[in-house]
Amino acid sequence: MSATNVGYQIAQYFTVAAMAAVVFDYCLTLPQEVQLIWGKKWGVIRITFTLTRYATLMGTAMTTYAAVTDRSRSKYTSCATFNDVSYGSHLISIIAAEGLLIFRTLAFWHQNKKLMVWLLVLAAFSILGAVGVPKVVNALHFNNPPVANRTSCLFGSGKVSVIQYGFLIIYELVLMILTIYKRFSFYKGTRGRLATILYRDGMIYMTCIIMTSFANILIAVVIPGTYSNILDAPQLVIHGVLASRILFNLRHEGHRSDSAIIDEIFPMADMRRTPEGHSVVFVNTNPGSIKG
């Protein structure tokens with residue numbers, strides 16, 4: 001077996017494994033989705049969650065199909081439409097997952113409106129950069145290997161993907177810095193369960209995404225192109241699964257405390273100072289509050 005075939009085969013194994021993981025997670029969490037999400041009013045959070053959940057499934061399924069199907073035969077004259085739909089599902093899934101993480105960060109920052117505007121502007125810049133810069137690079141023929149061709153039916157991607165992962169890492173680092181800063185400037189000594197969940201889940205999520213993105217950059221730069229899609233599907237699955245888990249964990253905690261986290265997603269925080277330090281009261285639209 002040639003080195004080229006080995007590269008494609010390893011990428012296939014990783015892709016199929018990612019597909020199995022997302023299906024397994026979906027089966028595990030479907031009862032939670034039915035109980036905690038279905039039947040709730042449609043709002044920005046439910047729409048974002050639904051896009052994250054099902055665009056991830058769609059994108060992973062299409063990537064798996066591309067990996068295991070021999071599309072190099074003559075009947076596949078062009079795979080442009082398939083590639084565009086697959087790319088679109090990947091983009092929607094990652095943007096929606098980042099949207100859930102933005103909501104989580106805003107909750108940690110007590111729904112700070114200035115921060116919300118700043119994060120949305122930075123998100124728009126990052127999306128435009130991640131989508132536009134690679135197109136400019138390809139148009140200038142800086143990166144034009146066969147696997148990077150839009151109409152190609154080969155399973156792989158070009159080195160230009162480094163740019164996309166770079167923008168993603170920068171945005172995740174910004175969110176991580178904001179979370180760490182708020183954790184030690186405001187929540188230090190806080191024993192609130194929701195605050196702990198927000199911080200713990202967010203840090204796990206961002207660390208996994210940053211590490212996977214770095215790995216993808218190294219693969220694109222150092223390893224031959226036939227290995228380029230090794231972590232493509234796994235990164236998509238990590239985004240979708242962990243973002244959904246953050247919401248499930250918060251909703252589960254809120255459900256136990258009779259909170260309206262799904263309807264108002266993350267409750268507003270009212271800071272109160274005590275002799276021991278800061279105390280946080282999470283206020284919701286239902287009677288009662290969750291105290292930290």
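Trainee: Is Arg245 buried, partly exposed or exposed?

Mentor: The model is predicted, so local features need pLDDT of at least 70 and side-chain atom pairs count only at pLDDT 80 or more, while totals for chains, interfaces and linings use all residues. Residues are numbered from 1 along each chain as its sequence is written, and side-chain values use heavy atoms, with hydrogens and water left out. Buried means under 20% relative accessible area, exposed over 50%, and partly exposed in between (1.4 Å probe, protein chains only). With a relative accessibility of 30%, Arg245 therefore counts as partly exposed.

Trainee: With which residue does Arg245 form a salt bridge, and in which helix does that residue lie?

Mentor: A salt bridge is a side-chain nitrogen of Lys or Arg within 4 Å of a carboxyl oxygen of Asp or Glu. The closest N and O atoms of Arg245 and Asp25 are 2.6 Å apart. Helices are DSSP runs (H or I, at least four residues) numbered from the N terminus. Arg245 lies in helix H7 (residues 232-256), so the pair ties together parts 220 residues apart in sequence, and the partner is Asp25, in helix H1 (residues 3-36).

Trainee: Is Asp25 buried or exposed?

Mentor: Its relative accessibility is the value to consider, and for Asp25 this is 8%. Asp25 therefore counts as buried.

Trainee: Which residues are linked with Asp25 in a network of salt bridges?

Mentor: Arg53 and Glu33 also form a salt bridge, at 2.8 Å from N to O. Arg53 lies in helix H2 and Glu33 in helix H1, so this pair ties together parts 20 residues apart in sequence. Both Arg53 and Glu33 are buried. The residues linked with Asp25 in the network are Glu33, Arg53 and Arg245.

Trainee: How many salt bridges are found in the whole structure?

Mentor: Besides those already discussed, Arg200 and Asp201 meet in a salt bridge of 2.9 Å, N to O. Arg200 is partly exposed at 35%, whereas Asp201 is buried at 8%. For the whole structure, the number of salt bridges is 4.

Note on methods:
Helix = DSSP H or I, 4+ residues; strand = E, 2+ residues; numbered from the N terminus.
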